[in-house]
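This report describes a protein model with attention to its charged pairs and to the contact between its chains. Please keep the sequence and the structure in view while reading.

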Amino acid sequence: MRSFQRRIFLRKSTRLAVAASAIFAARAGHAAWNAEHFAGAPADDILARLFGRQPILETGQISLSVPEIAEDGAVVPITIGSELENIERVYILVEKNPTPLAAEFEISSAAMVFITARIKMAESCNVWVIARQDNQLLMVKKWVNVTHGGCGTG
Amino acid sequence: MSGMKIRSQQTASYTEIRLLITHPMENGRNRDPVTGDLIPAHFIEELTLKLNDVTVIRVNMAGSIAKNPFFTFRLKPVRNGDKISANWIDNRRQTDSVDHIVSETTER
């Protein structure tokens, strides 16, 4: 009797595992680009779409390097680094861009948390970097003065 | 029109990958300086970096990434001879990809 129940349990759990891996495969597929995340909306709305009401903690354990003064808002270099383990995703948001989310990075355990990129900034504002580590959200932000932004950027 | 350059550098503690992509990254809000017409949105949506055919980094992006995107990533040290590939797909469903074999002397 016991072994019979165990077999049913095994069969059910195998089915669950298959279903779970199918969900993961779907999430890892091309559907992952989400128009809602990259929509033109105020930064607070985008934050709510990305993270709901989950609290975001400011941290000193993620380094964010951006220029204090960016002469050309069309090309603003950004460098992100961290020694923290288990960071699965990193988001770059530009507070006052018409489309605030610049990029979201999915980082596997084979990669380190070190990213450089070049973003557009429409005007002077904060750049936010938010990282998902296990179940918490960590944030670092820096102000960038943009000399020449506006049309053609953001 | 498009193109992708990939370089790697081996150090003791990581393998650095640098990627330069030729792409206009138009966000749909710019106007043609001559005609004054809006330039349609044309930007990369997804970039995938694979190590020996296994995805190690994925990036979702839109028109707030600068024209001709340049990225640097670091992987935990990989072996010489390992294959790194990158590919992207944009909002017009155009794609491009590049393969790169890591070696001691990949600084070309």
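## A charged residue and its partner

B:Arg18 has a relative accessible area of 24% and is therefore partly exposed, where buried means under 20% relative accessible area, exposed over 50%, and partly exposed in between (1.4 Å probe, protein chains only). Its side chain meets that of B:Glu16 in a salt bridge, 3.9 Å from N to O; a salt bridge is a side-chain nitrogen of Lys or Arg within 4 Å of a carboxyl oxygen of Asp or Glu.

The model is predicted: local features need pLDDT of at least 70, side-chain atom pairs count only at pLDDT 80 or more, and totals for chains, interfaces and linings use all residues. Residues are numbered from 1 along each chain as its sequence is written, chains are lettered from A and ligands numbered from 1 in the order in which they are written, and side-chain values use heavy atoms, with hydrogens and water left out.

B:Glu16 lies in strand β2 of chain B; helices (H or I, at least four residues) and strands (E, at least two) are DSSP runs, numbered from the N terminus. B:Glu16 counts as buried because its relative accessible area is 12%.

The side chain of B:Glu16 also makes a polar contact of 2.7 Å with that of B:Arg74. A polar contact is a pair of N or O atoms within 3.5 Å; within protein, one must be able to donate a hydrogen and the other to accept it, and residues adjacent in sequence count only if both atoms are side-chain atoms. Leaving aside residues up to four places away in sequence, B:Glu16 touches several residues, including A:Phe114 and B:Phe73, contact meaning heavy atoms within 4.5 Å.

## Another salt bridge in chain B

B:Lys83 and B:Asp53 form a salt bridge through their side chains, at 3.2 Å from N to O. This pair links distant parts of the chain, as B:Lys83 is in strand β6 (residues 83-90) of chain B and B:Asp53 is in the loop between β3 and β4 of chain B, 30 residues apart. B:Lys83 is partly exposed, with a relative accessible area of 24%, whereas B:Asp53, with 53%, is exposed.

## Where the two chains meet

Which residues join in one network of salt bridges that share partners? They are A:Arg89, A:Glu106, B:Glu46 and B:Arg58. A:Glu106 and B:Arg58 form a salt bridge whose closest N and O atoms are 2.5 Å apart, and A:Glu106 also meets A:Arg89 in a salt bridge of 3.7 Å, N to O. A:Glu106 is buried, with a relative accessible area of 18%. A:Glu106 stands opposite B:Arg58 in β4(B), and strand β6 (residues 101-107) of chain A pairs with β4(B) in the antiparallel sense over 5 bridges; two strands pair if DSSP finds at least two bridges between them.

Chain B and chain A each bring 34 residues to the contact. The area buried between them is about 2800 Å², with 51% given by carbon and sulfur atoms; buried area is the accessible area (1.4 Å probe) that two parts lose on being put together, summed over both. B:Arg58, B:Asn60 and B:Ser64 supply 23% of the area that chain B buries against chain A, more than any other three residues. Across this interface there are 16 residue pairs in polar contact, both residues at pLDDT 80 or more. β4(B) gives the most to the side of chain B that touches chain A, with 7 residues.
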